[in-house]
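Here is a friendly tour of one protein chain, meant for someone meeting it for the first time. Take a look at the model below, then read on.

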Amino acid sequence: MNPDQTMKPMADSKAAAHERYHAAMVEVKCRLRAANRVLGAKKPRTLTDGTDNEFLWLQVRKVVELVAFAGISSDEARYAALRAEAKDNPDYTRDWKVGDILKRLAKITPHFLPIAIGNVQVVSEGRWHFDAGQEKQTLERFVEIYERAGEHLHVPNPFGEASLARHQELLATSRVQLVDDVEYLTNVLWTHAKVGLEFDPQTSEPREAANPISAWLVRLGKPDNDDVNVLLAEGVDHREQTPGASTEEPANDA
C-alpha cells in the first residue's frame with residue numbers, strides 16, 4: 001500500500017451487513033499490518049521506542065473497537081431488540097463503549113466474537129470442515145486488551161505517586177505486552193468465521209437460543225495488500241432439503 005494513502009472509510013450504515021463487516025475487516029487488516037511492521041522494525045519508526053509503543057497501542061485499541069462494532073452486523077436486529085429494552089438510551093446506533101457492546105453481544109449469541117479457524121477441508125460439494133484456530137477468542141481477553149491499551153494511552157497524573165509508579169510499570173512492560181496482544185489479535189482475526197443467528201423481530205426474544213443462519217468466512221490474506229476475502233454461507237433447513245443438496249450457498253466477496 002502506498003504510504004501516503006489514507007485509511008479507507010468504513011462502509012455506509014445502509015450497506016448490506018456483510019459489506020459493513022468486510023469494510024471493518026479491511027481496516028483491521030491495515031492496522032494489524034502496521035502494528036506488525038513497527039514491531040518487526042530494527043529501529044523505532046517514530047524515532048523513539050515510547051512513541052512507537054503509543055502508536056501500537058492505538059492500533060490495538062482500534063482493532064478491538066472495529067471487532068465490537070462489526071460484531072453487531074451479523075446479529076443487528078437481535079442486538080437492536082436487546083437495546084430497545086433499556087429504559088435509558090435504548091438507541092443502539094449511539095453505542096460507543098466497546099466493553100459494554102461486547103458484553104451485550106455475549107448475552108444474545110455465543111458467537112459474538114470472530115471464531116479463529118485453521119485449515120479448511122472440503123468434505124463434499126458445498127460442505128467444509130474447519131480445524132480450530134491456534135487461539136481461543138474470549139470476551140475476557142478482548143476486554144482486557146482494550147482496557148490495557150486505553151491505560152497505556154493516557155498521561156499519568158503528575159501529582160500522584162501511585163499514578164506515576166503505575167505509569168513507569170506500564171512503560172517497562174509495554175513492548176513485551178504489545179508483542180503478546182498483537183500476536184493474539186492477529187492469530188484470531190487473520191482467518192476466522194463470524195456466525196449469525198436466526199431472529200424474527202416480531203416473534204423472537206433477543207436472549208433466546210437460536211440456530212445459526214449465516215457464517216462469514218474471512219481471510220485477510222497476504223499482508224502486503226488491502227484485499228480481504230469473505231465467503232458467505234447460509235444455513236438451509238435440513239427438513240426441506242432434497243437428498244444430496246448443499247447445506248451452504250457460498251458467494252465470494254472481495
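## A helix with a bend

Let's start with H6, which bends by about 55 degrees at Ser174. That bend is the angle between two axes, one fitted to the seven residues ending at the spot and one to the seven starting there. H6 is made of 29 residues and stretches 39 Å from its first C-alpha to its last, close to the 42 Å expected at 1.5 Å a residue. The expected span is 1.5 Å times one less than the number of residues.

Which residues of H6 are buried? They are Leu170, Ser174, Leu178, Asp181, Val182, Tyr184, Leu185, Thr186, Val188 and Leu189. Here, buried means under 20% relative accessible area, exposed means over 50%, and partly exposed is in between, using a 1.4 Å probe and protein chains only. The cover over these buried residues of H6 includes H1, H2, S1, H5 and strand S3 (191-197).

## Where the numbers come from

This is a predicted model, where local features need pLDDT of at least 70 and side-chain atom pairs count only at pLDDT 80 or more, while totals for chains, interfaces and linings use all residues. Residues are numbered from 1 along each chain as its sequence is written, and side-chain values use heavy atoms, with hydrogens and water left out.

## The whole chain

Zooming out, the chain has six helices and six strands. Helices (H or I, at least four residues) and strands (E, at least two) are DSSP runs, numbered from the N terminus. Following the sequence, you get the pattern α-α-α-α-β-β-α-α-β-β-β-β.

Of the 254 residues in the chain, 39% count as buried. The chain exposes about 14,600 Å², and carbon and sulfur atoms supply 52% of that; accessible areas come from the Shrake-Rupley method with a 1.4 Å probe, and for residues only the protein chains shown count as cover. Among contacts (heavy atoms within 4.5 Å) with a separation of 6 or more, 64% link residues 24 or more positions apart.

## Two nonpolar cores

A nonpolar core is a set of buried Ala, Val, Leu, Ile, Met, Phe, Trp, Tyr and Cys residues joined through side-chain atoms within 4.5 Å. The largest one here has 46 residues, and those with the most contacts inside it are Met25, Val28, Val60, Val64, Leu102, Phe142 and Leu185. At least two residues of this core come from each of helix H1 (17-40), H2, helix H3 (76-84), helix H4 (98-108), helix H5 (139-152), helix H6 (161-189), strand S4 (212-219) and strand S5 (229-234). H2 gives the largest share, ten residues.

What does Met25 touch, leaving aside its neighbours within four places in sequence? Its contacts are Ala70, His192, Val218, Leu220 and Val228. There is also a second, separate core of six residues, with Ile117, Ala193, Val195 and Leu217 among them.

## Arg61 on H2

Arg61 sits in helix H2 (residues 49-73). Not counting residues up to four places away in sequence, Arg61 touches Tyr146, Ala149, Gly150 and Leu153. Arg61 and Val98 are 37 residues apart in sequence, and their C-alphas are 9.7 Å apart in space.

## Strands side by side

Strand S1 (residues 115-124) and strand S2 (residues 127-132) run antiparallel and are joined by five bridges. Strands count as paired if DSSP finds at least two bridges between them. Gln121 stands opposite His129 in S2. The hairpin of S1 and S2 has two residues between the strands, and Gly126 there takes a positive phi near 80 degrees.

S1 also pairs with S3 in the antiparallel sense, over two bridges. Across that pairing, Ala116 has His192 in S3 as its bridge partner.

## Two loop residues

Leu47 lies in the loop between H1 and H2. Its phi is near 85 degrees, a positive value in a residue other than glycine. Leu47 is exposed, because its relative accessible area is 76%.

Asn89 belongs to the loop between H3 and H4, and its phi is near 50 degrees, also a positive value in a residue other than glycine. Asn89 is partly exposed, with a relative accessible area of 39%. Leaving aside neighbours within four places in sequence, Asn89 is in contact with Arg83, Arg94 and Asp95.
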